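Please look at how the two chains of this predicted model meet. The briefing below takes up their contact, topic by topic.

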There are 2 protein chains.
Amino acid sequence: MDRRQLKTRKAIFQAFRSLLEKKRYDHITVQEIIDEADVGRSTFYAHFETKDLLLDAMCEELFYHMFEHDPCPWVGRDADLEGKLAHILWHIRDSKNDLSGILLSDSGDLFMRYFKSHLRVVFEQHMGFFKVDVPCDFLLNHLVGSFAETVQWWIKEGMKTSPEMTAKYFMTMTETH
Amino acid sequence: MDRRQLKTRKAIFQAFRSLLEKKRYDHITVQEIIDEADVGRSTFYAHFETKDLLLDAMCEELFYHMFEHDPCPWVGRDADLEGKLAHILWHIRDSKNDLSGILLSDSGDLFMRYFKSHLRVVFEQHMGFFKVDVPCDFLLNHLVGSFAETVQWWIKEGMKTSPEMTAKYFMTMTETH
DNA sequence: TTCGTTACCGAACGCTCTGTTCGATATTTA
DNA sequence: TAAATATCGAACAGAGCGTTCGGTAACGAA
């Protein structure tokens, strides 16, 4: 990939992230993005057809490492659920892209939607763990939603508790004694 | 209130709701709303300064009855939590404003935010019921988020299970045996 | 019914943003 | 070095925004 392309792409992402912390997604204009990124108008449209597709691309990049690659050293691919969840929290806290700021922004729900769709896959692999007398799809939906809420709460509180402890809180709420 | 005002307000709300089922909130233009509502441009702005304030006003109206007034006949003000939750579900299902369609639309998250803020108050009155070893604000956040997820799941599945049964599902997930 | 009040209409306004085009310029890769 | 290509920047038509204002029609009170 041409270095110029990477540089432009990075500048746009950075500008976009910066704006997202100041105002809501649907109030951000392409004009503002290219001003902030210091990029030509036509250049922006050469990279992204629309603002929505820019959002898609950024989500792809934000969550790629968290769910697919670059695993936390102390968590293997066959870790237990609690370990995996702690890993996700660890990743959010130490993200270089200020992921926590984005998830908590006024447009956080937009990113939460992507986040949840990835979480769903994780939980699907551990459904056997939960033995409750409710419909299976209800349970899955519940777990994904609950953990997403847990993450939001955790960030809002300044991520004071450790990833491990936070994951434990969540598991406590879902335990089937 | 002047009949003309009520008629206009109703037409705008109706048009807005109709559009929300077809496309995302931030893709809806004021132009489309006034076309659909068959209302003059200046008339719209006489009622609502911005599209965001229209959203606010509509949420106010949508959730007013659910949380404050017009209680379901078989649920008193001092009902237990499960009863209150069932009442809320009952209200969503039988709403004349197609509340379920709105909550499930592409912009459902916007309305969920309002919904959750009201739910918070309800759960706050019943925190004594839950005895779990996690921080109190974590617990409250968890309950509100979980129930919101439950509602979303319920609507998506076509509201097949009864409000009572659905409330029971939820309580099952949060029981502290 | 009458009459003063008030809400609506509709056209027009300057403005901002959109998404596209194109030739000139600068950078990169081979 | 040379060919390819990414960026720039200006310009464009089109759409939406939010406001203004005079004319019209519906309203509510007497």
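In this predicted model, the side chains of Lys116(A) and Glu149(B) meet in a salt bridge, with 2.7 Å from N to O; the term stands for a side-chain nitrogen of Lys or Arg within 4 Å of a carboxyl oxygen of Asp or Glu. Across the interface of chain B and chain A, the rule finds 6 salt bridges.

**Elements and residues on the side of chain B**
- α7 (108-124), α8 (136-156) and α9 (163-174) of chain B each supply at least two residues of the side that touches chain A, helices being DSSP runs (H or I, at least four residues) numbered from the N terminus.
- The largest share of that side, 10 residues, comes from α8(B).

**Extent of the contact**
- The contact, meaning heavy atoms within 4.5 Å, takes 28 residues from chain B and 28 residues from chain A.
- Chain B and chain A bury about 2,900 Å² between them, 56% of it on carbon and sulfur atoms, where buried area is the accessible area (1.4 Å probe) that two parts lose on being put together, summed over both.
- In chain B, Phe138(B), Glu149(B) and Met173(B) lose the most area to chain A, together 24% of what that side buries.

**Basis of the values**
- Residues are numbered from 1 along each chain as its sequence is written, and chains are lettered from A in the order in which they are written.
- Local features need pLDDT of at least 70, side-chain atom pairs count only at pLDDT 80 or more, and totals for chains, interfaces and linings use all residues, while side-chain values use heavy atoms, with hydrogens and water left out.
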